[in-house]
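Colleague: Could you walk me through a few contacts in this model? I'd like to go place by place.

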Amino acid sequence: MGDVGSSSGAPPARRNLRFEAAQDLFDGLPELAEDVTARPDGEDAVSFATALAEGPTPEEAITVCAYNLPRRYAVWWGHECLRRAEQVLGEDDTELMKLAADWVANQNEQTRYAALNAAMAQKDVSPGGWIAFGAGWAGGSMSGPDLPPVPPAPHLTAKAVNAGILTVLARIDIENRRKTLGSFVRMAIQLAEDA
């Protein structure tokens, strides 16, 4: 994608987004409407997420970002959000985050299955486990390599990354939660703009 309407003063296209317009995001991934009560009113996706982050339910900005970043970017964003909140993570999270990061760096079936299998082995899914699920559900099959393929739905990585980030935010003390959430949204927007 090149510039979108540069002569009209419109912002340049963001190549690291699934959809430029917020309404297109809702239309393209209708499952988003199950997780976000706010609805766009003609704005671009980044403006919509920014407004949500400043609104009464800022957590919805995290959800919009998780859905709109391409899968690889979403998993990396989730990893980086958790890394910035290490003080509230458990011991398993570090290893699960490493597996997700391995998949981001080497997108192949071996790294994807390693992340998926480790996440599935958890009794109670931790934030790092959700990020590992995000990697594991990013393509290929959700069943084992020797079984008939079961491709993951296009929104599952977003749901997993969203769950991981929101779970870690819930562990952050209330005085710092909104500030941390805002920094997470800014990170997602930066990823979207770093094309």
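Colleague: Which residues does F133 touch, not counting residues up to four places away in sequence?

Modeller: Leaving those neighbours out, F133 touches L116, A119, M120, V125 and A160, where contact means heavy atoms within 4.5 Å. This is a predicted model, in which local features need pLDDT of at least 70 and side-chain atom pairs count only at pLDDT 80 or more, while totals for chains, interfaces and linings use all residues. Residues are numbered from 1 along each chain as its sequence is written, and side-chain values use heavy atoms, with hydrogens and water left out.

Colleague: And where does F133 sit, buried or exposed?

Modeller: The place of F133 is in helix α8, helices here being DSSP runs of H or I with at least four residues, numbered from the N terminus. With a relative accessible area of 8%, F133 is buried; buried means under 20% relative accessible area, exposed means over 50%, and partly exposed lies in between, using a 1.4 Å probe and protein chains only.

Colleague: How many aromatic pairs turn up in the whole structure?

Modeller: A search of the whole structure gives 3 aromatic pairs, counting rings of Phe, Tyr and Trp (its six-membered ring) whose centres lie within 6.5 Å, with planes under 30 degrees apart called stacked, over 60 edge-to-face and the rest tilted. One of them joins W130 and F133, whose ring centres are 5.8 Å apart with planes at 45°, so that pair is tilted.

Colleague: Where do W130 and F133 lie?

Modeller: Both are in helix α8 (residues 127–136), 3 residues apart, which is about one turn of the helix. W130 counts as partly exposed because its relative accessibility is 24%.

Colleague: What about F133 and W137?

Modeller: Their ring centres are 4.5 Å apart and their planes are at 25°, so this pair is stacked. F133 is buried and so is W137, and ring pairs link W130, F133 and W137 into a cluster.

Colleague: Changing topic, at what angle do the axes of α5 and α9 cross?

Modeller: The axes of helix α5 (residues 71–83) and helix α9 (residues 156–170) come within 10 Å and cross at roughly 10°, the axes being lines fitted to C-alpha atoms over the stretch in contact, with angles from 0 to 180 degrees between N-to-C directions. The two helices are therefore roughly parallel to each other, since angles under 35 degrees count as roughly parallel, over 145 as roughly antiparallel, 65 to 115 as roughly perpendicular and the rest as oblique.

Colleague: Which residues meet there?

Modeller: R71, A74, V75, W77, G78, C81 and L82 in α5 meet T157, V161, G164, I165 and V168 in α9.
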